[in-house]
Amino acid sequence: MSAAAQAVVIEAPGEHRLVPHESVAPAAGEALVRVHASGICGSDREVYQGNRPEGYVRYPLTPGHEWSGTVEAVGPGVPESLVGRKVVGEGFRNCQVCDRCHAGETTLCTAGYEETGFTQPGAMAATLTLPARLLHVLSDDADLTAAALLEPAACIAAAALKANARPGEKVAVVGTGTLGMFAVQFLKAGSPGELLVVGTRPDRAVLSKDFGATDFRTKDEPLPDDFDVVIETAGSADAARTAASLLRRGGRLVLTGIPAPGADGLDPTDLVVRQLEVHTVFGAAPEAWAHTVRVFGAGLLNPLPLVTHELPLEEFAHAIELVGSGDPKVGKVLIKP
């Protein structure tokens, strides 16, 4: 490990520093990954500002839960063939033995919450050591910059799997951020009859259509009410209500955004009378990760147009500012250790 290797450490809310980074040798069942890039999302901003829910962060902390890299070494019990492979990895450090884990619902592990970049060291460092069972191997020609976005993509893959859109159905996405643009791509891959995007940013119309949308509208324009499937990605109670209003009776709604606590929710009378099917997603289980890597490998998922900034570790504070700036020119911000 070179003397120049560094890591970001958030000591406490609002306090961070760059520290020398020493790789942690992989123990049995673990792998050491050389980090290529780590994405920043709203939850990293929550960690930095100190408003992530209690129990879902542990300071001091090296953040970074969205990442890509190359395996450098493996511990006992891990196939040597992994060394040199390009990988991404799941964040939830599940127990593997509870009922929920056995059902494949690792994000609901009853042993308690542990996640890379929140309670365990994350990828805003030169290297990351983690259980090898969490790794998903990419093709040798995979673009690792694009692959750094596969964690948020996997969360949306979970939503797409729950939505179970069939070819020819009318599908819609509410929200035009990174997650919304991934939802468009996943739904497009299923050959929908129509694919509507609803958002607050008219500047996203072109990108939405590049990714396969057949129509784009802002929420102030007249909206249909006969769609089979809607995925909500915007994270506001207002967006959830808009999403529900787009559905036909018996339609399927998947909510992925997390509004502020106490937000006014959906109308239960409306849900029952219209017999809507409502699903929610928190994180991505192994099935969703495998689906994401498969779709990415098939060339049906293109994260690169969403990346607008690539910054070194030294500019972590600036990167956090960019993510919260509200500037429409700021898309996905990556840190490159």
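This note goes through a predicted model of one chain, from its overall build to single residues.

1. Basis. The model is predicted, so local features need pLDDT of at least 70 and side-chain atom pairs count only at pLDDT 80 or more, while totals for chains, interfaces and linings use all residues. Residues are numbered from 1 along each chain as its sequence is written, and side-chain values use heavy atoms, with hydrogens and water left out.

2. Overall build. The chain has ten helices and 15 strands; these are DSSP runs numbered from the N terminus, helices being H or I with at least four residues and strands E with at least two. The radius of gyration is 20 Å, close to the 20 Å given by the globule rule for 337 residues, so the chain is as compact as a globular protein of that length. That radius is taken over C-alpha atoms, and the rule is 2.2 Å times the number of residues to the power 0.38. Along its principal axes the C-alpha trace spans about 60 × 40 × 40 Å.

3. Of the 337 residues, 51% are buried (under 20% relative accessible area; exposed is over 50% and partly exposed in between, with a 1.4 Å probe and protein chains only). Among contacts (heavy atoms within 4.5 Å) with a separation of 6 or more, 69% join residues 24 or more positions apart.

4. Surface and charge. The accessible surface is about 14,700 Å², and carbon and sulfur atoms hold 51% of it. The areas come from the Shrake-Rupley method with a 1.4 Å probe; for residues, only the protein chains shown count as cover. There are 28 positive and 41 negative side chains, and the centres of the two sets lie 4 Å apart. Lys and Arg count as positive and Asp and Glu as negative, without His and the chain ends; each charge is placed at NZ of Lys, CZ of Arg, CG of Asp or CD of Glu.

5. The loop between H1 and E4. Pro60 is found in this loop, and the peptide bond joining Tyr59 to Pro60 is cis, with omega about -10 degrees. Most peptide bonds are trans. Thr62 lies in the loop between helix H1 (42-49) and strand E4 (66-74). Thr62 counts as buried because its relative accessibility is 13%. Its side chain reaches the backbone oxygen of Val8 at 3.0 Å, a polar contact (a pair of N or O atoms within 3.5 Å; within protein, one must be able to donate a hydrogen and the other to accept it, and residues adjacent in sequence count only if both atoms are side-chain atoms). Beyond four places in sequence, Thr62 touches residues including Ala7, Val9, Gly117 and Pro121.

6. Thr119. This residue lies in the loop between helix H2 (99-102) and strand E6 (127-131) and counts as buried at 8% relative accessibility. A polar atom of the Thr119 side chain lies 2.9 Å from the backbone nitrogen of Glu115. Leaving aside neighbours within four places in sequence, Thr119 is in contact with Tyr56, Val57, Arg58, Leu61, Tyr113 and Glu114.

7. Thr233. Its place is in the loop between strand E11 (227-232) and helix H7 (237-245). Thr233 is buried, at 10% relative accessibility. A polar atom of the Thr233 side chain lies 3.4 Å from the backbone nitrogen of Gly180. Contacts of Thr233 outside four places in sequence include Ile156, Val173, Leu179 and Thr256. Ala159 is 74 residues away from Thr233 along the chain, with 9.6 Å between their C-alpha atoms.

8. H7 and Gly251. The buried residues of H7 are Ala237, Ala239, Ala240, Thr242, Ala243 and Ala244. They pack against strand E8 (170-174), strand E9 (194-199), E11 and E12. Gly251 is found in strand E12 (residues 247-255) and is buried, with a relative accessible area of 0%. Outside four places in sequence, Gly251 touches Phe227, Asp228, Leu276 and Glu277.

9. Positive phi. Most residues other than glycine have a negative phi. Asn164, in the loop between helix H4 (150-163) and E8, has a positive phi near 50 degrees. At 42% relative accessibility, Asn164 is partly exposed. Gln275, in the loop between helix H8 (268-273) and strand E13 (277-280), has a positive phi near 55 degrees. Gln275 is exposed, with a relative accessible area of 62%.
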